[in-house]
Amino acid sequence: MARVDFAALTEPHRAELLAYCYRMLGSVHEAEDLVQETMLRAWQARERYDERRASIRTWLYRIATNACLTALEGKARRPLPSGLGAPSTAPGAPLRPAFEVPWLQPFPDARLGDPADQAVRRDSMRLALIAAMQTLPPRQRAVWVLREVLAFRAAEVAGLLNTSVASVNSALQRARAGLSVAALEDLAPSGDPAARRTVEAYVRAFEAADVDALVELLTHDAVLEMPPVPLWYRGRDDYAAFIRRVFAMRGVGWRMVPTGANGQPAVAAYAPDPAGGHRLHTLQVFTVAGGRISRTVVFQDPAVFAAFDLPTAV
């Protein structure tokens, strides 16, 4: 397989492999490294590839799956704050980052490729689902994604994992049972106009520091969480109290720049800079259900900002 032929055959699968590795590991940067490792292993093994036994795509997924399972050995899962304990009832609690926790990272929609590509189905990238998947044992995680998202046949997955069809079916059943109902519930689809309008109204309220208007856009049990700070809040009252605290600490007159993450609406939030202009503060990812915002995950992590290629000031 010549280098030019290898690139032509493998590069079309890079975006879906990146999405797959991200689902497995919950980290954009680790997923990028594993895709590179997959391509390197494939290049090194190109002379042994037999197109009669598997397609290029299936062969690459076998390599990527083995790389992911090896990378996950002995590693702690990547959670969101809501996956670590009960919500806080003190909106004024100290904001102490827990940098020792390997937090779940969001995934830039710009890296997902063609929205019509079923291999990178955006509904399977939702933050709540990715967080729930991290609680599954790695092999169950792989089986669930390969069968439920990527639609590989059970026999194909058995070949990828070097196991039996019966073992694949058993792992799939356990994975389905292990995923919470909330993670699998129907939410506003990616690009839904009503969801976009809800987030646009939220942005207007936030930029105007109108907390009352902002609260009207929330579900009654809306969740606010902000890794790497392990605190999280549930309910309109605590959500509103915390947002008022943010404005008291950082000032008003914020700028919010729309983007997309995990197939969900998102914004880059820029706080007013006392020296002038606005400085990048957070990336906020929204879950919209029934025309209201049910969850906001606020990321304040330079690695996340780099993955989204966000300017530091506007």
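## V203 and its helix

V203 sits in helix 10, and in this predicted model it makes a handy way in. With a relative accessible area of 12%, V203 is buried, because the cut-off for that label is under 20%. Setting aside residues up to four places away in sequence, V203 touches M256 and V267. The C-alpha atoms of V203 and R279 are another matter: these residues are 76 apart along the chain, and the atoms are separated by 17 Å.

## The sheet beside it

Strand 3 and strand 4 (residues 264-272) run antiparallel, joined by seven bridges. P258 stands opposite V267 of strand 4, and V267 is one of the residues that V203 touches. Elsewhere in the pair, A261 has Q264 in strand 4 as its bridge partner.

The two strands form a hairpin with two residues between them. In that turn, N262 has a positive phi of about 55°.

The largest nonpolar core has 72 residues, and Y20 and W144 have the most contacts inside it. Which helix gives the most to this core? That's helix 4 (residues 56-72), with ten residues. There is also a second, separate core of 34 residues, and A201, A222, V229 and F247 are included in it.

Helix 4 is largely enclosed by the rest of the structure, because twelve of its 17 residues are buried. The buried ones are I56, T58, W59, L60, Y61, I63, A64, T65, A67, C68, L69 and L72. From its first C-alpha to its last, helix 4 reaches 24 Å, close to the 24 Å expected at 1.5 Å a residue. After the helix comes G74, with a positive phi near 75°.

H13 belongs to the loop between helix 1 (3-10) and helix 2 (14-25). Is H13 buried or exposed? Its relative accessible area is 16%, so H13 is buried, given that the limit is under 20%. Beyond residues up to four places away in sequence, H13 touches I56, R57 and L60; of these, I56 and L60 are among the buried residues of helix 4.

Helix 3 (residues 28-44) has 17 residues, which should span 24 Å at 1.5 Å a residue; the end C-alpha atoms are 24 Å apart, which agrees. Its buried residues are V28, A31, L34, V35, T38, M39, A42 and W43. At the start of helix 3, a side-chain oxygen of S27 reaches to within 3.5 Å of the backbone nitrogen of H29.

Q105 comes from the loop between helix 4 and helix 5 (127-133). With 7% relative accessibility, Q105 counts as buried. Leaving out neighbours within four places in sequence, Q105 is in contact with Y22, G26, S27, V28, H29, R78, L127, F299, A303 and V304. That list takes in S27 and H29, the pair that meets at the start of helix 3.

## R139 in helix 6

R139 has its place in helix 6 (residues 138-149). What does R139 touch, not counting residues up to four places away in sequence? The contacts are L69, L161 and T163, and L69 is one of the buried residues of helix 4.

R139 is partly exposed, with a relative accessible area of 42%; that label applies because 42% falls between the 20% and 50% cut-offs. The C-alpha atoms of R139 and C21 are separated by 13 Å, with the two residues 118 apart along the chain.

Key. Residues are numbered from 1 along each chain as its sequence is written. This is a predicted model: local features need pLDDT of at least 70, side-chain atom pairs count only at pLDDT 80 or more; totals for chains, interfaces and linings use all residues. Side-chain values use heavy atoms; hydrogens and water are left out. A nonpolar core is a set of buried Ala, Val, Leu, Ile, Met, Phe, Trp, Tyr and Cys residues joined through side-chain atoms within 4.5 Å. Buried means under 20% relative accessible area, exposed over 50%, partly exposed in between (1.4 Å probe, protein chains only). Helices (H or I, at least four residues) and strands (E, at least two) are DSSP runs, numbered from the N terminus. Contact means heavy atoms within 4.5 Å. Two strands pair if DSSP finds at least two bridges between them. The expected span of a helix is 1.5 Å times one less than its number of residues. A polar contact is a pair of N or O atoms within 3.5 Å; within protein, one must be able to donate a hydrogen and the other to accept it, and residues adjacent in sequence count only if both atoms are side-chain atoms.
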